[in-house]
2 protein chains.
Amino acid sequence: MDPKLGRMAASLLAVLLLLLERGMFSSPSPPPALLEKVFQYIDLHQDEFVQTLKEWVAIESDSVQPVPRFRQELFRMMAVAADTLQRLGARVASVDMGPQQLPDGQSLPIPPVILAELGSDPTKGTVCFYGHLDVQPADRGDGWLTDPYVLTEVDGKLYGRGATDNKGPVLAWINAVSAFRALEQDLPVNIKFIIEGMEEAGSVALEELVEKEKDRFFSGVDYIVISDNLWISQRKPAITYGTRGNSYFMVEVKCRDQDFHSGTFGGILHEPMADLVALLGSLVDSSGHILVPGIYDEVVPLTEEEINTYKAIHLDLEEYRNSSRVEKFLFDTKEILMHLWRYPSLSIHGIEGAFDEPGTKTVIPGRVIGKFSIRLVPHMNVSAVEKQVTRHLEDVFSKRNSSNKMVVSMTLGLHPWIANIDDTQYLAAKRAIRTVFGTEPDMIRDGSTIPIAKMFQEIVHKSVVLIPLGAVDDGEHSQNEKINRWNYIEGTKLFAAFFLEMAQLH
Amino acid sequence: MDPKLGRMAASLLAVLLLLLERGMFSSPSPPPALLEKVFQYIDLHQDEFVQTLKEWVAIESDSVQPVPRFRQELFRMMAVAADTLQRLGARVASVDMGPQQLPDGQSLPIPPVILAELGSDPTKGTVCFYGHLDVQPADRGDGWLTDPYVLTEVDGKLYGRGATDNKGPVLAWINAVSAFRALEQDLPVNIKFIIEGMEEAGSVALEELVEKEKDRFFSGVDYIVISDNLWISQRKPAITYGTRGNSYFMVEVKCRDQDFHSGTFGGILHEPMADLVALLGSLVDSSGHILVPGIYDEVVPLTEEEINTYKAIHLDLEEYRNSSRVEKFLFDTKEILMHLWRYPSLSIHGIEGAFDEPGTKTVIPGRVIGKFSIRLVPHMNVSAVEKQVTRHLEDVFSKRNSSNKMVVSMTLGLHPWIANIDDTQYLAAKRAIRTVFGTEPDMIRDGSTIPIAKMFQEIVHKSVVLIPLGAVDDGEHSQNEKINRWNYIEGTKLFAAFFLEMAQLH
């Protein structure tokens, strides 16, 4: 037997068994003839798709380490992607993004953003896909079991930096388009691409571009799809309809710029660390409840309907605890998801300026900066939170009668994002998932901030959906990042099915 | 006029004016003829003494950075000192100290400790002088205005690494001996030297040597003199009769070894930083009062007599605040000295394992170690303090119902040290100071730990005195360390006068 067909059969069988086992087997509407052909094409060409992913992973497009070598790789990556889209027949513009100013005064060129279009039939809906081709740093010596830049398949897992974040999902979308092209089928929707190379470095200059293109490139766009997060399960697909925002605070307490010796000054100073520890200690209690007055005022009340969406989610808490290597969470029911998605949280990240190395040092730090952030949820307002936190810290500090100087600053304010899950593309994505996976998706949110989603919603004013392809254990940003072959190939099918469902529903 | 004589006259005049101005001019008993000759000799040869200090400072005897180059310099330093003592007529043993095991598994040789003897007249007292010839690291790029290893005189200040800590004082003692030798005068006392090269690195292996030599080298020693701290004034000499001890604690809170992302885990964890901040926040209040139950139980009660010793001390609080660049201390009277010397203090040094760099990082540290220490005073007991602190932290932690693991450890326990200020050598030092400086010394303690003082007292069971020579602004361990020419030369005279006073009182 052709080994490809063998793998196909095995993977189909695996899915079938899994669905039976989990009792999730519902009756998906049988795929129409076209879709069947497309799926067949995808299965038959899956090794080519993996090979392309291998070529893309081999490009060390690290945007985090600002050195010329990686920057050159980023430019090469964007050129390869532009070429791929052109060969698909897309009109491609590689937009020059100018230089990136680095903190050390130097500058590096920002890789171009690709704006591409495929089809402009006014009777069809237009879906714009956002993705990024830059990656987090990866160092073989850092615990990677394989070369991070050589995509390596072990037991159906494709290991490599960027495999799941975000090269694999970007290619899955391109693969889906290419299947229609190869079969000489009209694309069911007009498709646009916005692909950047600086996401891991904070999407440098992207917002300005989107703002500038609002009434040009984005004028005909109806829907925006992002596939840059993960499922919350190893096998059950998900659709993401919201993310938390983030307010990042720094609170500096200063006596003087220089440190002191605790022998010669211990006992006579208002020590900045004592002040700071008291300030940080006033923020959150041991049950995770935030103590800043007023902070929960604007949090959307929980409704019966919302509770039901949580009931439908499949979450194996035991498995989650084990894979997280956490002995005990604050909550031992599915309520945990609400605390990740729909309630704010406060985390203390650390202290700059204190003694942070191994060993003992008898220093009294002269100036310390505490860092914490609050994950925001609808309808918390960034500037209201800034005021509440600042007022609270000033209040706590004034009660200490310290002679030190305290300065509170919010260095980052990212709004939460939430979508209407009755939008056309949410319905289309659900139907496509039913078709490909034979199950309802988990309707999830992301506890992290995906600023790009909020940015598109606020600037372009179009419906945004996140359709993740990767499994919960893909390890984005970690050592041994991977995407399962199954997720990559079924994800390609999912996007193809999504195109057809969009055409039907639009 | 001979420029040396000019400088002598100028420096004498300066002292006279200062004493008149400060109303400190009492009538010191006029120095006997011998002392006058010795003082004259010292004044006339002061440029030679400065030249020798310059040669010693030029040796980069950094014991803190464990690299072969500095270690070679340390060996050279000890050889130069041994040679100097031999040329004075001392019997010198350079004791091989074996290897120093470094944390990275490598080892470096420890520079030899010099044990030297000059005179063994059984009718005379024997004074042993402890000093060290290693220095803290110094890097010109780090804010030094002159080359740290080129002794440079500016306005009577001799700038250079080790000038005051501790090469200057060691040489002052040697200079004093050499004056008697040059004048062909018998030494008034038998003199021993113990000089090490690892003090800044924690006096590696010294305690074992002292223990071993307790009944050999130290058997005939009556008194031990150390000159390794500073006055608390720019112009008024001091004698130090006590130091605080130190208990250094680490409190580790661990959820898991890896960090978490605050987006994907914020809100569902007992965050180790929240626990740690609460633990550290329970230690000391905003007035500097330690909150560990029982911690003050063994602190020696304040007596009327002790209050009087503080009254006699000259302390310009305004000047102290300004030179410390501190806007406001916890106390605005001389009580400040009690809080540095005779009351315990608690300082929080920092946190290992949290985010400590500039910028923003949305991390939930998985395992953090808080570091703090308590400066101990008579008669606090190291192991009692360890128990009190551990019990207190366990108590605070258990109330949080956290699922994290907490481990408290005391990694350093140094006893406080206090001497009897009516001992012979205290009286001799006071009289010598009156003779040379025409004033009573400040009777001071040191808020820092000078473990060597306690070690000598505990192992050798002999009276220990600290006779500092350097001014309060000498900046030991800092950039631009210096010793004033005046302190160095008058300090040499002080030690010469001390020899004679010891001979009289013994």
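Between chain B and chain A the count is two salt bridges, a salt bridge being a side-chain nitrogen of Lys or Arg within 4 Å of a carboxyl oxygen of Asp or Glu. One salt bridge joins B:K405 to A:E327, with 3.7 Å between the closest N and O atoms. The model is predicted: local features need pLDDT of at least 70 and side-chain atom pairs pLDDT 80 or more, while totals for chains, interfaces and linings use all residues. Residues are numbered from 1 along each chain as its sequence is written, chains are lettered from A in the order in which they are written, and side-chain values use heavy atoms, without hydrogens and water.

Polar contacts across this interface number 34 residue pairs, both residues at pLDDT 80 or more. A polar contact is a pair of N or O atoms within 3.5 Å; within protein, one must be able to donate a hydrogen and the other to accept it, and residues adjacent in sequence count only if both atoms are side-chain atoms. On the side of chain B that touches chain A, strand 13 (residues 345–352) of chain B gives the most, with eight residues. Helices (H or I, at least four residues) and strands (E, at least two) are DSSP runs, numbered from the N terminus.

The contact (heavy atoms within 4.5 Å) takes 69 residues from chain B and 69 residues from chain A. About 5,400 Å² is buried between the two chains, and carbon and sulfur atoms give 55% of this area. Buried area is the accessible area (1.4 Å probe) that two parts lose on being put together, summed over both.

| Core | Residues in core | Residues included |
|---|---|---|
| Largest | 122 residues | A:W173, A:I194, A:F456, A:F498 |
| Second, separate | 121 residues | B:A81, B:Y130, B:L340, B:F499 |

Such a core is a set of buried Ala, Val, Leu, Ile, Met, Phe, Trp, Tyr and Cys residues joined through side-chain atoms within 4.5 Å. Buried means under 20% relative accessible area, exposed over 50%, and partly exposed in between (1.4 Å probe, protein chains only). Leaving out residues up to four places away in sequence, A:I194 touches residues including A:V113, A:F129, A:L206, A:F218 and A:F456.

In chain B, helix 15 (residues 485–505) holds B:T492. B:T492 is buried, with a relative accessible area of 0%. A polar atom of the B:T492 side chain lies 2.9 Å from the backbone oxygen of B:Y488. Beyond its neighbours within four places in sequence, B:T492 is in contact with B:I42, B:F49, B:A172, B:N175 and B:A176.
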